[in-house]
Amino acid sequence: MPTVDVDWDALEQAAKQAMENAYAPYSKFPVGAAALTEDGRIISGCNVENASYGLTLCAECALVGQLHMSGGGRLAAFYCVDGQGNILMPCGRCRQLLYEFRAPGMQLMTTQGIKTMDQVLPDAFGPENLEETT
Ligand code: THU
């Protein structure tokens with residue numbers, strides 16, 4: 001369990017609000033993501049596309065940028081929505097991004113209910129693996 005109380009409704013609202021800022025003229029698939037940090041901040045991000053489709057920035061990219069721009073720390077809980085406001089699972093690359101900054105017991109709202117980061121990215125490669133080489 002995360003060490004902070006998670007207000008899932010507040011996270012859902014923050015994710016929906018972030019989604020309204022999406023720049024997705026190519027896919028027409030706006031995404032908003034929000035997270036609660038271990039120290040109680042709510043951060044968010046939206047997807048930002050560009051003409052070179054493959055260089056699209058997912059909502060999670062903006063979110064981890066905001067994590068660092070607003071003081072760093074670790075993610076205790078995460079919520080992502082599509083353009084209809086429905087729960088969206090983070091893509092594979094973004095699961096890795098979120099894993100990097102997870103707090104112990106980090107939870108994600110998923111289409112199957114609340115899951116832990118370890119359930120969403122099992123058997124993950126992470127910073128611990130690099131420590132083994134030093
Ligand atoms: N997208 C995200 O922002 N996050 C995800 O985890 C899934 C996909 C965006 C990228 C692209 O702008 C659009 O959704 C369609 O793939």
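Is tyrosine 53 buried or exposed? Tyrosine 53 counts as exposed, at 58% relative accessibility. That value, like everything in these legends, comes from a predicted model.

**Figure 1. The whole chain, before zooming in.** Five helices and five strands make up the secondary structure here. Going along the sequence, you'd read them off as α-β-β-α-β-α-β-β-α-α. The radius of gyration is 14 Å, close to the 14 Å that the globule rule gives for 134 residues, so the chain is as compact as a globular protein of that length. If you're setting up a box around the C-alpha atoms, think roughly 45 × 35 × 30 Å along the principal axes. Of the 134 residues, 41% are buried. Among contacts with a separation of 6 or more, 62% join residues 24 or more positions apart.

Figure 2. The partners are tyrosine 26 and tyrosine 53, with ring centres 5.4 Å apart and 40 degrees between the planes, which makes the pair tilted. Tyrosine 26 sits in the loop between helix H1 (8–19) and strand S1 (32–37), while tyrosine 53 sits in the loop between strand S2 (42–46) and helix H2 (59–69), so the pair ties together parts that are 27 residues apart in sequence. As for solvent, tyrosine 26 is partly exposed, at 38% relative accessibility, whereas tyrosine 53 is exposed, at 58%.

**Figure 3. Two loop residues with positive phi.** Most residues other than glycine have a negative phi. Here's a view of two that go the other way. Lysine 28, in the loop between H1 and S1, has a positive phi of about 55 degrees without being a glycine. Lysine 28 is also exposed, with a relative accessible area of 65%. Aspartate 123 belongs to the loop between helix H4 (117–120) and helix H5 (127–131). Phi of aspartate 123 is positive too, near 55 degrees, and the residue is exposed, with a relative accessible area of 83%.

Figure 4. Cysteine 61 is part of helix H2. With a relative accessible area of 19%, cysteine 61 is buried; the cut-off for that label is under 20%. Skip the neighbours within four places in sequence, and cysteine 61 is in contact with Arg93 and Leu97. Glycine 45 is 16 residues away from cysteine 61 along the chain, yet their C-alpha atoms are separated by 7.3 Å.

**Figure 5. The buried side of helix H2.** Which residues of H2 are buried? They're Ala59, Glu60, Cys61, Leu63, Val64 and Leu67. An α-helix has 3.6 residues a turn, so residues three or four places apart point the same way. In H2, the buried residues pack against S1, S2, strand S3 (75–81) and helix H3 (92–100). After H2 comes glycine 71, with a positive phi near 120 degrees.

Technical notes:
Residues are numbered from 1 along each chain as its sequence is written. This is a predicted model: local features need pLDDT of at least 70, side-chain atom pairs count only at pLDDT 80 or more; totals for chains, interfaces and linings use all residues. Side-chain values use heavy atoms; hydrogens and water are left out. Helices (H or I, at least four residues) and strands (E, at least two) are DSSP runs, numbered from the N terminus. The radius of gyration is taken over C-alpha atoms; the globule rule is 2.2 Å times the number of residues to the power 0.38. Buried means under 20% relative accessible area, exposed over 50%, partly exposed in between (1.4 Å probe, protein chains only). Contact means heavy atoms within 4.5 Å. Rings of Phe, Tyr and Trp (its six-membered ring) pair if their centres lie within 6.5 Å; planes under 30 degrees apart count as stacked, over 60 as edge-to-face and the rest as tilted.
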